[in-house]
Amino acid sequence: MPCVSRPLRLTAVLVTTLAIGGCAAEAVGDRQSADAAGSNPGVQSDAGPAGQVPAGLERFYGQSLTWGGCQEFATTDRTEESFADPGLQCTRVEVPLDYANPQGRSARLGLLRRPADSQQDRLGSLLVNPGGPGASGTAAVASLAGAGAMDGTDLVRRFDLVGFDPRGIGASEPKIVCRNTQEQDAERLDLDLDTSPAGIAQTESESQAYAALCAERLGKDVLATAGTRDVARDMDVMRSALGDEKLSYLGYSYGTRIGTAYAEQFPGNVRAMVLDGALDPDENVVESLVNQGAGFQQSFDAFIGWCLGQPQCWLGNTPKDQASQRFQELLRPLITEPLPLGNRKLSYNDATIGTIQALYSDQFWPILDRGLTQLSAGDGSTLLALADIYYQRDEDGYSGSQDAFKAIRCLDDPPVTDPAVIREADRRYREVAPFLDDGNPPSSARDACVFWPVPPTFKPGKPNVDGLPTVLVISTTGDPATPYQAGVELANQLNGRLLSFEGNQHTVALQGVQCVDETVSNYLVRLVLPERKTLCVAGT
């Protein structure tokens, strides 16, 4: 399944993906009634309000939801097929755009659910978010349901799986889109690699223009409320409208920040929470950048080790310790001469991002090997296709995930304004991730968040979660985007239980690893936590 990822620079730091795979025999019986409900154009649910309801928000917490088919909720070519599944149901939930003014403008958030196989044994809803920020939760649950890895399990027998598109994303309204297709295509060819004073001035001018463009096309009221603080409040509205007194939640990658924010604001409303591919909430943006760079270098090195063990490898006879240098020798000519591909071009940035896209899971390593082999022969089609997956570009254009990513990150982290700090961060990044070093001196260019028209609404730091039940944190030893130690830190800060997975991928829950999936299901269904220092390995 496609991955979702983000740029690797201080201008856009944290990367996420959700790669869902596996297959199993589909459950029958009770699922037939779910199929019938999914094809019904108007199944009304009067589930809420449930649990605690904040004063002044009664109409949102107690709203009725009308579930119907999901075809109109598909926002990309890649989701049309999965959203056509008659066993899925979709709706939208209304939330205040600004919780400080609940009588003002509203937002509508897309929801997609796979109903529990056994409605009589149903425990409630499991809210799912795949991260990003900017990734679609409706698409994630549709992919999980289509993959079939959970069919016949207690988890899908007892829970409705509910994916949601956070405000501004996917099927939610209003949607965050700053650039049109032509503008986004042009941006991919604008490398901004010149770190001379003139080059930095040009880059900052473009960043300032982008911030102004977003404000012009979306409005400051939309931008000011796009952050994780408000998404966490939205989840509590969803919890009640779905009829659950307590929240059960599965968050991947940046979705762990959403889960942590919810745990801080509503610790007593949590029933169970699984956080997979964790962000350390107490880590500043610079340290996150550098640690992530080291994680991707580790993944690149593991890919090289695998590749050299194959009958043929794009490296040929190049020694392993020269792989990063050889990779840059292959890509750097694209800086001055992008490779024509029909009516498009493969840029240096696209080739780099396409590579990063494939490093999220060892399942993509053969595709990356093919792409680099093709590039050696003057064909960039595979790397461009990988970059298009990263950007969520299809024949109809872009999903808007890139603009949503920037809007959310600018609200979630204080901007780094000191050019010296930025330059040192870039130097450290190039040092720990030499395969991504384009050969220019470190840059001190400030990004769009410095010029953002609204201030941050969220601040990193150790979470205060008094009253939170024990949550489950999953961390993967070879995770390139959210390094293993971040999961260790998050588990400690939330007083949670850590489940370690030994593998080379970003996130693992409900993706066909039996040891992990059984642990997750046992926790979510029965609230049984694994033993301390539990380790799962690939193939178990």
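The tour goes through some disulfides and then a pocket.

Before you click, this is a predicted model, where local features need pLDDT of at least 70, side-chain atom pairs count only at pLDDT 80 or more, and totals for chains, interfaces and linings use all residues. Residues are numbered from 1 along each chain as its sequence is written, and side-chain values use heavy atoms, with hydrogens and water left out.

**Stop 1: the cysteines**

Select the cysteines. A disulfide here is a pair of cysteine sulfur atoms within 2.5 Å, and by that rule there are 5 disulfides. Number the bonded cysteines in sequence order and the pairing reads 1-2, 3-4, 5-6, 7-8, 9-10.

**Stop 2: Cys70 and Cys90**

Pick Cys70 and Cys90, which are joined with an S to S distance of 2.2 Å. This link is right-handed, with 105 degrees about the S-S bond. Cys70 lies in the loop between β2 (65-67) and α3 (77-83) and Cys90 in strand β3 (residues 89-96), so the pair ties together parts 20 residues apart in sequence. Buried means under 20% relative accessible area, exposed over 50%, and partly exposed in between (1.4 Å probe, protein chains only).

**Stop 3: Cys178 and Cys214**

Next, select Cys178 and Cys214, with S to S at 2.1 Å. Their link is right-handed too, at 120 degrees about the S-S bond. Cys178 is in the loop between β6 (159-164) and α6 (181-189), while Cys214 is in helix α7 (residues 197-218), 36 residues apart. Both Cys178 and Cys214 are buried.

**Stop 4: Cys515 and Cys536**

Now go to Cys515 and Cys536, joined at 1.9 Å. The torsion about their S-S bond is about -65 degrees, so this disulfide is left-handed. Cys515 is partly exposed at 21% relative accessibility, whereas Cys536 is buried at 0%.

**Stop 5: the second largest pocket**

Select Glu283, Ser288, Asn291, Pro483 and Ala486, which lie nearest the centre of the second largest pocket among its 20 lining residues. A pocket is an open set of points on a 1 Å grid over the protein atoms alone, where a 1.4 Å probe fits, with protein on both sides within 12 Å along at least five of seven lines; lining residues have an atom within 4 Å of a point. Colour α11 (285-308) and α19 (484-493), the elements giving two or more residues to this lining. The largest share, 6 residues, comes from α11.

How values were computed
Helix = DSSP H or I, 4+ residues; strand = E, 2+ residues; numbered from the N terminus.
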